[in-house]
Amino acid sequence: MKVLIPSALRSYTEQAYAEAGGDTLAAVLAELDRSYPGIRFRMIDEQNRIRPHIRFFVDGEQVFDLARRLDGVQELVIVQALSGG
Amino acid sequence: MASEIDTGAAQRGPGSVLLLVATRKGAWLYHSDATRQHWRVEGPHFLGHIINHLVLDPRDGRTLLAAAKTGHLGPTVFRSTDLGRSWQEAARPPAFAPAPEGQVGRSVDHTFWLTPGHADQPGVWYAGTSPQGLFRSEDGGVSWAPFSPINDDPQYRKWMGTVQDGTPDGPKLHSIIVDPRDADHLYFAMSGGGVHESGDGGRSFQALLGGIDVVEGFDGSDPTFHDPHCVRLCPTNPDRLYQQNHCGIYRLDRPSDTWQRIGRAMPAEVGDIGFPMVVHPRDANAVWVFPMDGTSVWPRTSPDGKPAVYGTRDGGESWQRLDAGLPAEQAWWTVKRQAMTADSADPVGLYFGTTSGELWMSGDEGRQWTRIAAHLPEIYAVEVAMGVEGAS
């Protein structure tokens, strides 16, 4: 599926969209990390928690569970909410 | 106010001086020759990243490690083997072990402190994190693993407290020290959680709290209530340690395990609260501190808006105010625990970076100060390297 990469993480992908597949959000992120080593840890901590300010949307629906199945999903949008100074 | 130094004419050569400046918004390198008169700035590196520490490996004179995160992304470590011309991210940055099923595990918010390992162990590095964790790399900072039992030891976890107990930007493990005589002899400190020592390569640690004051009303025998801000070992006398603590300035001469509060000799109107502690490279009786206002609500500014370094030449028996060239009034910045350092020249050069983004130096051991740079972001750390080939 197409994965929209937030600007703060494009130092890894060097492009706005990446391609990654998998049955679950966790699997897609794992494949993304295989293609762009290190990118997953910037979004997901060592306890498999989604870091603050990171949000995932699958075909427009926000997803909070890494185990969420992505059957038939066309697009994953990763949003990195900016705040603070 | 002193004028800024010419930054346009640094020289090349074996006597080069390299300043590694880590800030809240990136890192900068300042190059000079042995005269330390002219500085050439290079940067920013990692603009927008929070860089807590930028350290050169003294064993190869080439490898730089940078402890980095942004306000919104997870922490990582970047490494360069060409003095910052190119950077690669660590393959496995410091991270706690996954928690057992049903338990809430900790996650590293940021790597705060980096220490190169013993001279006989090339490639070994130690890292201290927030919340408090101790990590080690054996491959020059490419991959990191939890080190020693303390990260998950129930007793140590109790002493570490929670984020609520820590400093405003998170409780920290810092001041990781390797005895130059013995790679298995280690110290580290935690804010909060006290100073700890290992004689067996980190398999076990013992608290080193004797003689240290704690905030009134708390139990001084409990490491939980100890807040060392910075601990340094004397290169010429590794049996001597100095400590700037939340509750004063101390010296420890091993094998004693009782610290002496040498800060009691500081002027009462200045006090002995601060963050950085700098030792002379060749004289174990000479150290410098940067006092701050630790009264009332802890403004964490220069006392009375008049910044000054204080130095001792007699191991803390007496202190001299060293403020020539620094602003005489209305300067409300201070210096963080990693943001003051000394080079190894003769006379020793001293350097500090301020919370207001100014970089200052003295080429005569603190007698006269000159500003190298202004308008940088808040400075978190300043390190210096001498004679780095190709640095300038």
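Reply: What follows takes the labels in turn and sets each against its definition.
This is a predicted model, in which local features need pLDDT of at least 70 and side-chain atom pairs count only at pLDDT 80 or more, while totals for chains, interfaces and linings use all residues. Residues are numbered from 1 along each chain as its sequence is written, and chains are lettered from A and ligands numbered from 1 in the order in which they are written.

Me: What makes chain B agree with a compact globule?
Reply: The radius of gyration is taken over C-alpha atoms, and the globule rule is 2.2 Å times the number of residues to the power 0.38. For 392 residues a compact globule would have a value near 21 Å; chain B has 20 Å, so the two agree. Its C-alpha trace spans about 60 × 50 × 40 Å along the principal axes.

Me: What is the secondary structure of chain B?
Reply: Chain B has one helix and 27 strands. Helices (H or I, at least four residues) and strands (E, at least two) are DSSP runs, numbered from the N terminus.

Me: Why are E8 and E11 of chain B called edge strands?
Reply: Two strands pair if DSSP finds at least two bridges between them. The open sheet has the order E8-E9-E10-E11 in chain B, with antiparallel pairing. Strands E8 (110-116) and E11 (145-146) of chain B each pair on one side only.

Me: How do you know that E10 and E11 of chain B pair?
Reply: Two bridges join them, and the definition asks for at least two, so they pair. In one bridge, Phe135(B) has Pro146(B) as its partner.

Me: Which residues of helix H2 of chain A are buried?
Reply: In H2(A), residues 25-35, they are Leu25(A), Val28(A), Leu29(A) and Leu32(A).

Me: How many residues of chain A are in contact with chain B?
Reply: 15 residues of chain A are in contact with 15 residues of chain B. Contact means that the C-beta atoms, placed from the backbone, lie within 7 Å. Helix H3 (residues 39-43) of chain A gives the largest share of chain A's side, three residues.

Technical notes. Contact = placed C-beta atoms within 7 Å. Buried ≥ 20, exposed ≤ 12 C-beta atoms within 10 Å, placed from the backbone.
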